[in-house]
Amino acid sequence: MTNLLTSLYWITLFAGCVTAQCPHPDFLQKNICDSCHSRHQAINFAKTAGLKGMVTVLGPPLDTFPPLFRQIGPSESDFCVNRQPRAAYRCNMDSKRAYCFRLGTACYTWHDPMSGITHKTLRLATVNCQDNFAWTR
């Protein structure tokens, strides 16, 4: 009985470590483009990644101090957020001619550390941009 409980303990611990990752590899592969400095580069990234529909692509961070992502709570299922603001692009990959537009230059977005799926509002990734265009002009 003790061996069974010990085995279950290790399996549960290992499964929890494997599934919850901040940042999740799928999120990095589908949403993060560290070389995207324009909407044209964001379109190319989304096409290369094979993304469909309305997608959100994040460019490089303004600063590269680690860690670049963190969880917003103590539970392993709490959302993961980028610590450094990034440029964010919303892309429509389903139109006849794919296009992207920039949402902002200092943006944050959340994703699930278990699945890598972004937090969504009205079927689009939730993006919070902190741009102050009146101050930066």
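Is C129 buried, partly exposed or exposed? Keep that in mind while you work through the disulfides. The model is predicted. Four disulfides are present in the structure.

**Stop 1: C33 and C36**

Select C33 and C36. A disulfide connects them, with an S to S distance of 1.9 Å. Look along the S-S bond: the torsion is 80°, and the link is right-handed. Now show the surface. C33 and C36 are both buried.

**Stop 2: C91 and C100**

Move to C91 and C100. Their disulfide has an S to S distance of 1.9 Å. The torsion about this S-S bond is about 105°, so the disulfide is right-handed. C91 is buried, and so is C100.

**Stop 3: C107 and C129**

Next, pick C107 and C129. Their sulfur atoms sit 2.0 Å apart in a disulfide. This pair ties together distant parts of the chain, 22 residues apart. Color strand β5, residues 99-111, to find C107. Then color strand β8, residues 127-129, for C129. The torsion about the S-S bond is 100°, and this link is right-handed.

Check the two ends separately. C107 has a relative accessible area of 0%, so C107 is buried. C129 has a relative accessible area of 26%, so C129 is partly exposed. That settles the opening question: C129 is partly exposed.

**Last stop: the pairing**

Select the bonded cysteines of the protein and number them in sequence order. The pairing reads 1-4, 2-3, 5-6, 7-8.

Conventions: Residues are numbered from 1 along each chain as its sequence is written. This is a predicted model: local features need pLDDT of at least 70, side-chain atom pairs count only at pLDDT 80 or more; totals for chains, interfaces and linings use all residues. Side-chain values use heavy atoms; hydrogens and water are left out. A disulfide is a pair of cysteine sulfur atoms within 2.5 Å. Buried means under 20% relative accessible area, exposed over 50%, partly exposed in between (1.4 Å probe, protein chains only). Helices (H or I, at least four residues) and strands (E, at least two) are DSSP runs, numbered from the N terminus.
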